[in-house]
Amino acid sequence: MLTGAVIGYTVQYDRPPTPLPPLSQAVRSAPEPRSAAAGGKDGPEPLSAREDRIVRTGGDLRKLLLKKPKGAQIPSGAPDGDWMPPSRYAEGYEHPAGMFEGLTQDTFRRAAAIDWERSDGAFVSIRLIQFRDTQNAYSADFLEGQQAYMSDDKFAGNDGDPIPGTGSGRVYVYDRPHAEAGYLPMYTARALARRGDIVMEIFVNSPKAVSRGTIMSLAERQLERL
């Protein structure tokens, strides 16, 4: 299982983005419906591209990210609907080398990311991490591993709230802000959910308390796009 504690309040933009390596796995195609000519009964009508998740998520994953809202700014060096290689994604974890190794052991396919800062100082980070779930449900393992940390007092300190319409998606509003000498306290909320082979991760970090409604709205809107 992919494990590792993420540090939601750490943001590093001191280096230029690294291009994503080429995909080593072909995009899976949707199965063809059975037909009478093939000796079977007529099957259901094929799903449209909008309805078929395999078609939708097999294309340009970046286009499925939520867009920056009006009035928000993309910080210098932050991802703006970009590809994010596993090395950069792993930087947000307590043990980045271990997370990077876990991601690249035939599990990680690609990731898309966007960050923005609102006028009130709140910072939003969205990650869509796609896994190779051809033989094992790596996406489910990753989601389960991340959610296992959240009830710890070092992180959210609670079990979160379920996201309607998902089997295991949850939002977490941290019980206490992160405090560091010389800095203002930072309040955090996190959303974690899964659609097929994609894990959605959203962080909201703010100098003011983050409401459950804020993180839930972002999660629901992003899941709609998946």
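Two strands are taken to pair if DSSP finds at least two bridges between them. Helices (H or I, at least four residues) and strands (E, at least two) are DSSP runs, numbered from the N terminus. By these definitions, β6 and β7 form a hairpin with two residues between them, and G196 in the turn has a positive phi of about 60 degrees.

The structure is a predicted model, in which local features need pLDDT of at least 70 and side-chain atom pairs count only at pLDDT 80 or more, whereas totals for chains, interfaces and linings use all residues. Residues are numbered from 1 along each chain as its sequence is written, and side-chain values use heavy atoms, with hydrogens and water left out. The predictor's confidence in each residue is given as pLDDT, from 0 to 100. The protein has a mean pLDDT of 81, and 74% of its residues reach 70 or more. Over residues 51-56 the pLDDT is below 50, and this stretch has 17 contacts in the model beyond near neighbours in sequence (contact means heavy atoms within 4.5 Å). For residues 9-44, pLDDT stays under 50, and the model has 45 contacts beyond four places in sequence.

The strands were examined next. Seven strands form an open sheet with antiparallel pairing, in the order β1-β2-β3-β7-β6-β5-β4. Its edge strands are β1 (80-83) and β4, each of which pairs on one side only. In general, strands of a sheet pair through backbone hydrogen bonds, either parallel or antiparallel. Strand β7 (residues 198-206) pairs in the antiparallel sense with β3 over eight bridges, and with strand β6 (residues 187-195) over nine bridges, also in the antiparallel sense. Within these pairings, M200 in β7 is the bridge partner of L128, F203 in β7 is the bridge partner of R190, and I198 in β7 stands opposite R195.

Strand β7 is mostly covered, with nine of its nine residues buried. In a regular strand the side chains alternate between the two faces of the sheet. In β7, I198, M200, I202, V204 and S206 point one way, while V199, E201, F203 and N205 point the other way.

Nonpolar cores were then identified, each being a set of buried Ala, Val, Leu, Ile, Met, Phe, Trp, Tyr and Cys residues joined through side-chain atoms within 4.5 Å. The largest has 27 residues, and those with the most contacts inside it are W116, I126, L128, M200 and I202. Two or more residues of this core come from each of β2, β3, β6, β7 and α5 (212-225); α5 gives the most, with five residues. Apart from this core lies another, of 21 residues, among them Y93, L103, F142 and M150. Beyond its neighbours within four places in sequence, L128 is in contact with residues that include L61, R110, V199, M200 and L226.

K154 counts as exposed because its relative accessibility is 54%, whereas E94, at 32%, is partly exposed.

A further salt bridge forms between D115 and R127, whose closest N and O atoms are 2.7 Å apart. Because D115 lies in strand β2 (residues 108-117) and R127 in strand β3, the pair ties together parts that are twelve residues apart in sequence. Both D115 and R127 are buried. E201 and R190 likewise meet in a salt bridge (2.5 Å, N to O). E201 lies in strand β7 and R190 in strand β6, so this pair ties together parts that are eleven residues apart in sequence. E201 counts as buried at 3% relative accessibility, and R190 is buried at 1%.

Q130 is located in strand β3 (residues 123-131) and is buried, with a relative accessible area of 0%. Polar contacts were defined as pairs of N or O atoms within 3.5 Å; within protein, one must be able to donate a hydrogen and the other to accept it, and residues adjacent in sequence count only if both atoms are side-chain atoms. The side chain of Q130 makes such a contact of 2.7 Å with that of R110 and another, of 3.3 Å, with that of D197.

How values were computed: Buried means under 20% relative accessible area, exposed over 50%, partly exposed in between (1.4 Å probe, protein chains only). A salt bridge is a side-chain nitrogen of Lys or Arg within 4 Å of a carboxyl oxygen of Asp or Glu.
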